[in-house]
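Visitor: I've got a chain on my screen and some questions about how it is put together. Could you walk me through it?

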Amino acid sequence: MKLLSVVGARPNFVKIAPLMRAIENANGKFNAGIQHKLVHTGQHYDAEMSQSFFDELGIAYPDVELGVGSGSHAQQVGQTMIAFEPVVQEYRPDWIVIVGDVNATCACSITAKKEHIKLAHVEAGLRSFDLDMPEELNRLVADRLADAHFTTDSIACTNLIREGVSQEKIHLVGNIMIDTLEATRKKASELDLDWIIKQNETNYMADSDLNNIREGQYAMVTLHRPSNVDDPAALSGILNFLIKEVAAEMPIIWPIHPRTRNRILDMGFDDQVKKVRGLHLLPPVGYMKMLRLNLGAKIALTDSGGLQEECCVLGTPCLTLRFNTERPVTLEANGGTCVLVGNDPERMRDAFHRKKKEPKTPFRPPLWDGRTAVRILEKLTTQS
Ligand code: UD1
């Protein structure tokens with residue numbers, strides 16, 4: 001069997017690593033004879049946004065690099081389709097595997113079907129029902145075209161059935177990101193917290209007090225959604241909340257996405273941010289360091305979907321800085337550790353003061369057990 005899988009942006013690498021390991025295992029132990037090509041569209045390209053993930057997760061480097069880079073959505077999707085088409089035409093796999101909801105996911109799903117190749121979507125059926133999110137558009141396109149939908153939970157299955165996807169194409173397999181979490185958590189837990197913070201200190205803020213960071217007593221922040229960081233009013237509200245409410249009570253560790261760093265600079269908020277004692281801005285950190293930061297955090301504040309899921313499994317109380325989520329399984333109402341607060345100052349404040357008192361209470365939805373990639377591979381090999 002010939003497989004071709006696609007990665008483009010940071011969260012994709014974490015999702016493809018377990019599948020690549022499962023393929024290696026199947027070939028090594030059972031002589032499965034699976035041929036596999038990995039294509040990287042190049043949407044993320046900085047070393048810390050891309051290569052560090054391959055190195056840390058032990059993934060072989062991509063067989064093909066499309067080198068698409070940054071640009072508008074239309075540019076990214078269009079250029080990916082153009083560059084991906086000849087690769088598909090030459091390799092002609094039995095299945096193209098796409099993961100998640102980034103622009104690469106959308107672009108490659110269209111090219112795959114135009115070339116009449118069977119398409120498998122890993123993390124299918126997630127819906128925020130918010131068409132202003134580029135990711136929701138990518139999910140809708142990918143799921144409309146896919147021949148196999150691998151889902152993380154039963155809510156995702158219900159969404160697909162409502163949209164008319166036939167039951168036999170839907171496979172509830174669990175969460176492939178949790179495969180990576182389980183495979184790396186021990187190693188990550190051995191990383192020294194001080195080392196991560198000192199090694200990554202950007203001097204973005206000159207008078208940071210590195211010694212006030214203790215295990216279990218800091219907040220971990222990540223932000224990158226356009227709805228939070230591209231709008232000056234939204235970003236300023238969040239910064240105010242972080243500075244006045246959160247940093248006043250505990251140190252903040254914030255690995256900062258290039259998009260957010262650029263917006264802080266462009267909008268002239270950097271002076272305000274630099275002055276805050278206890279606000280530690282790090283450059284983007286790799287997977288292991290992020291996991292280590294999550295393991296030691298008292299509370300997380302994030303707009304990342306993947307982090308919400310990781311917080312659940314690790315038990316970290318989490319403020320989701322979004323008004324909706326495509327991952328309702330992570331919410332308190334469904335047993336998770338996350339609460340939606342948008343970027344509304346009052347909701348953020350109320351939730352922060354309530355959640356900061358909560359102990360870590362891990363929550364693991366069914367099949368988030370570290371064996372999702374093996375299930376996916378079994379299905380793909382028996383359906384080809
Ligand atoms: C993308 C995904 C988002 C995912 C996120 C994870 C889409 C529509 N969005 O958003 O779903 O949650 O990745 O990080 O696919 N940049 C760099 N270096 C890089 C990559 C980006 O400096 O290696 C900067 C560029 O200025 C770029 C900006 O970050 O324009 C945004 O990058 P982009 O890939 O367009 O979107 P993300 O915000 O990362």
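Predicted model: local features only at pLDDT ≥ 70, side-chain atom pairs only at ≥ 80, totals over all residues.

Visitor: Zooming out, how does the radius of gyration of the protein fit a compact globule?

Guide: The secondary structure comes to 16 helices and 13 strands, and the C-alpha atoms fill a box of roughly 55 × 40 × 40 Å along the principal axes. For 384 residues, a compact globule would have a radius of gyration near 21 Å. The value for this protein agrees with that, at 20 Å.

Visitor: What share of contacts between residues at least 6 apart in sequence join residues at least 24 apart?

Guide: For background, buried residues make up 58% of the 384 residues. As for contacts between residues at least 6 apart in sequence, the share joining residues at least 24 apart is 70%.

Visitor: On to charges: how many residues apart are Arg364 and Glu182?

Guide: Arg364 and Glu182 form a salt bridge, with their closest N and O atoms 2.8 Å apart. Arg364 is in the loop between helix 15 (345–355) and helix 16 (372–383), while Glu182 is in helix 7 (residues 176–189). The pair links distant parts of the chain, with a separation along it of 182 residues.

Visitor: Is Asp147 buried, exposed or partly exposed?

Guide: Asp147 meets Lys113 in a salt bridge, 2.9 Å from N to O. That pair is 34 residues apart, with Asp147 in the loop between helix 5 (134–145) and strand 6 (148–151) and Lys113 in helix 4 (residues 103–114). Lys113 has 25% relative accessibility and counts as partly exposed. Asp147 has a relative accessibility of 22%, so it counts as partly exposed.

Visitor: How many salt bridges turn up in the whole structure?

Guide: Some of the charged residues are joined up: a network of salt bridges links Lys15, Asp101, Glu123, Glu136, Arg139, Glu309, Arg322, Glu326 and Arg327. Elsewhere, Arg354 and Glu358 meet in a salt bridge, at 3.8 Å from N to O. A search of the whole structure gives a count of 26.

Visitor: What about nonpolar side chains on the surface: which residues form a patch with about 250 Å² of accessible area together?

Guide: The protein has an accessible surface of about 15400 Å², and carbon and sulfur atoms account for 50% of it. The nonpolar patch is formed by Leu131, Leu137 and Leu140.

Visitor: Last stop, Ser5: which residues does it touch beyond four places away in sequence?

Guide: Ser5 has its place in strand 1 (residues 2–7). With 1% relative accessibility, Ser5 counts as buried. Leaving out residues up to four places away in sequence, Ser5 touches Ile16, His36, Lys37, Leu38, Val39 and Val97.

Visitor: And Tyr45, what is it in contact with, leaving aside neighbours within four places in sequence?

Guide: Tyr45 lies in the loop between strand 2 (35–40) and helix 2 (51–57), and counts as partly exposed at 49% relative accessibility. Its C-alpha atom is separated by 8.8 Å from that of Gly8, 37 residues apart along the chain. Leaving aside those neighbours, Tyr45 is in contact with Ser50, Gly69 and Ser70.

Terms used: Residues numbered from 1 in each chain as written. Heavy atoms only, no water. Salt bridge = Lys/Arg side-chain N within 4 Å of Asp/Glu carboxyl O. Helix = DSSP H or I, 4+ residues; strand = E, 2+ residues; numbered from the N terminus. Buried < 20%, exposed > 50% of the residue type's maximum accessible area, 1.4 Å probe, protein only. Rg over C-alpha atoms; globule rule 2.2 N^0.38 Å. Contact = heavy atoms within 4.5 Å. Areas by Shrake-Rupley, 256 points an atom, 1.4 Å probe, with all protein chains shown as cover. Patch = residues over 30% accessible without salt bridge, like charges linked within 9 Å, V, L, I, M, F, W, Y side chains within 5 Å.
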